[in-house]
Amino acid sequence: GDSLAVWQATLGAWTDATFGGSRTLETLIHLAEEVGELLDAEKTNIGYDEEAADALILLLCYAHRRGFSLAEALARKHAVNLGREWRKGADGMIRHV
């Protein structure tokens, strides 16, 4: 597979040519819909790979439209997360404190 930066450039060029200019809000709304579909796929254990790919495609398109490198943002955020303390909450979810 290609790097995240290559995918961002490839998908960015495709989304610009296919859908036109800056549509950041629409992209985020579509991303939220796809995350909902991913949750449904997780519950049924069917199609989770394609729904995860749909969400990633939209996230990469969003980063392209906003003009930032998702790969660089990922590296910065992971460095922050490595320095955080994590705890399981009463709801069973693990979050940083």
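User: Why is Asn45 called exposed?

Analyst: Asn45 has a relative accessible area of 55%, and the label exposed requires over 50%, whereas buried means under 20% and partly exposed lies in between (1.4 Å probe, protein chains only); Asn45 is therefore exposed. The residue sits in the loop between H2 and H3, and it has a positive phi of about 65 degrees although it is not a glycine. This is a predicted model, in which local features need pLDDT of at least 70 and side-chain atom pairs count only at pLDDT 80 or more, while totals for chains, interfaces and linings use all residues. Residues are numbered from 1 along each chain as its sequence is written, and side-chain values use heavy atoms, with hydrogens and water left out.

User: How do you know on which side of the cut-offs Cys61 and Gly67 fall, buried or exposed?

Analyst: Cys61 has 3% relative accessibility and so counts as buried, whereas Gly67, with a relative accessible area of 66%, is exposed. Cys61 belongs to helix H3 and, leaving aside residues up to four places away in sequence, touches Leu11 and Thr15, where contact means heavy atoms within 4.5 Å. Its C-alpha atom is separated by 23 Å from that of Glu42, which is 19 residues away along the chain.

User: What makes the angle between H2 and H3 count as roughly antiparallel?

Analyst: Helix H2 (residues 24-44) and helix H3 (residues 48-66) pack at an angle of about 165 degrees, with their axes 9 Å apart. Angles over 145 degrees count as roughly antiparallel, under 35 as roughly parallel, 65 to 115 as roughly perpendicular and the rest as oblique, so H2 is roughly antiparallel to H3. The crossing of these two helices is left-handed, that is, the near helix is turned anticlockwise from the far one by less than a right angle. Among the residues that meet are Leu28, Leu31, Val35 and Leu38 in H2, and Ala55, Leu58, Leu59 and Tyr62 in H3. The residues of this contact comprise eleven nonpolar, three polar and six charged, where Ala, Val, Leu, Ile, Met, Phe, Trp, Tyr, Cys and Pro count as nonpolar, Asp, Glu, Lys and Arg as charged, and the others, Gly among them, as polar.

User: Why are H1 and H3 described as roughly perpendicular?

Analyst: Helix H1 (residues 4-19) packs against H3 at an angle of about 80 degrees, with the axes 8 Å apart, and H1 and H3 are therefore roughly perpendicular to each other. The contact includes Trp7, Leu11, Thr15 and Phe19 from H1, and Ile57, Leu60, Cys61 and His64 from H3. Its residues divide into nine nonpolar, four polar and two charged.

User: How do you know whether the protein chain is compact or spread out?

Analyst: The protein chain has four helices and two strands, which are DSSP runs of at least four residues (H or I) and at least two (E) respectively, and they follow the order α-α-α-α-β-β from the N terminus. The radius of gyration, taken over C-alpha atoms, is set against a globule rule of 2.2 Å times the number of residues to the power 0.38. For the 97 residues here that rule gives 13 Å, and the chain is well over this at 16 Å, so the chain is more spread out than a compact globule. Its C-alpha atoms fill a box of roughly 45 × 35 × 30 Å along the principal axes, and 19% of the residues count as buried.

Technical notes:
Axes are lines fitted to C-alpha atoms, for helices over the stretch in contact, and angles run from 0 to 180 degrees between N-to-C directions.
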